[in-house]
Amino acid sequence: MADQQPLDPAHAFAELGRIKLDETDLEGVLQQVANLARRTIAGVDEASVTLIRGRNAHTAAFTGDLALTLDERQYEEGGGPCLEAAATTAVVSVPDLTREQRWPHYTPAALKAGVRSSLSVGLPVQETVTGALNMYSTKPDAFDDEAIVLAQTFSGYAAVALANAHLYDATATLAQHMQAAMEYRAVIEQAKGVVIAERRCSPDEAFAILSKMSQDTNRKLRDVAASLVENKYRRTQP
């Protein structure tokens, strides 16, 4: 909780810099961001990371049920500090919820849950995705100016880590698609060879035959090719 000895910011930033994207997925990166924020920024009881793609908001990482519950309440109500921070990529500070009037539906729920102050910092992840680093405290006025400045600096490091994670994820996905395309091409070439041997036709004619089989059976060309190759293999087995 907030009473623990805060982690030295330099150590936290070093931890962010040591994240190896080839050893963890995006969720792992986000969880490290939330954990380090909770340990680094004085006054934080629980932390979370909100991601918004289009109109869909979800909590991608959280350090405790309190943060998750309050995030989801904001999504349900369509308003709250984390959503405002994500939308504006700005800092949204709530020093004392008992004096807060901006979100009449969310505020009573947060107070009932025991939260008295919060701090959300927008994270510009990429063009199609925005986010926010959210920090909650059970004490009023938990985040002074120094904490806010530290949160902004920390979020800058976090945003870089998130952007790199998205880039890595996109690159890995592209590589997977390319690998799949190469495999599909290989099986289609094998199927063409089967047709050429059986029909005594040219490669172009073999491809046309495969395409017609695909259309007639309403199956994908790669599936038709794979089935043809598999059947040929079975016929050649003793």
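This is a predicted model: local features need pLDDT of at least 70, side-chain atom pairs count only at pLDDT 80 or more; totals for chains, interfaces and linings use all residues.
Local features were considered only at pLDDT of at least 70 and side-chain atom pairs only at pLDDT 80 or more, whereas totals for chains, interfaces and linings use all residues. Residues are numbered from 1 along each chain as its sequence is written, and side-chain values use heavy atoms, with hydrogens and water left out.

Helix α2 comprises 15 residues, 26-40. From its first C-alpha to its last, α2 reaches 21 Å, close to the expected 21 Å, the expected span being 1.5 Å times one less than the number of residues. Buried residues (under 20% relative accessible area; exposed, over 50%; partly exposed, in between; 1.4 Å probe, protein chains only) of α2 include Gly-28, Val-29, Leu-30 and Ala-34.

Helix α1 (residues 9-17) packs against α2 at an angle of about 175 degrees, with the axes 10 Å apart. Axes are lines fitted to C-alpha atoms, for helices over the stretch in contact, and angles between N-to-C directions run from 0 to 180 degrees. The two helices are therefore roughly antiparallel (an angle over 145 degrees). Pro-9, Ala-12, Glu-15 and Leu-16 of α1 meet Val-33, Leu-36 and Thr-40 of α2, contact meaning heavy atoms within 4.5 Å. These contact residues divide into five nonpolar, one polar and one charged; Ala, Val, Leu, Ile, Met, Phe, Trp, Tyr, Cys and Pro count as nonpolar, Asp, Glu, Lys and Arg as charged, and the others, Gly among them, as polar. On the α2 side, Val-33, Leu-36 and Thr-40 are also buried.

Strand β5 (residues 129-137) is mostly covered, with eight of its nine residues buried. Strand β1 (residues 46-53) pairs with β5 in the antiparallel sense over eight bridges, pairing requiring at least two DSSP bridges. Within this arrangement, Glu-46 has Tyr-136 of β5 as its bridge partner.

Two non-glycine residues with positive phi were examined in loops. Thr-89, with phi of about 50 degrees, is placed between α4 (81-88) and β3 (91-94); its relative accessibility is 41%, so Thr-89 counts as partly exposed. Arg-200, with phi of about 55 degrees, occupies the loop between α6 (145-199) and α7 (203-217) and, because its relative accessibility is 76%, counts as exposed.

Gly-193 belongs to helix α6 and is partly exposed at 36% relative accessibility. Gly-193 and Phe-207 are separated by 14 residues in sequence and by 9.6 Å in space, C-alpha to C-alpha.

Technical notes. Helices (H or I, at least four residues) and strands (E, at least two) are DSSP runs, numbered from the N terminus. Angles under 35 degrees count as roughly parallel, over 145 as roughly antiparallel, 65 to 115 as roughly perpendicular and the rest as oblique.
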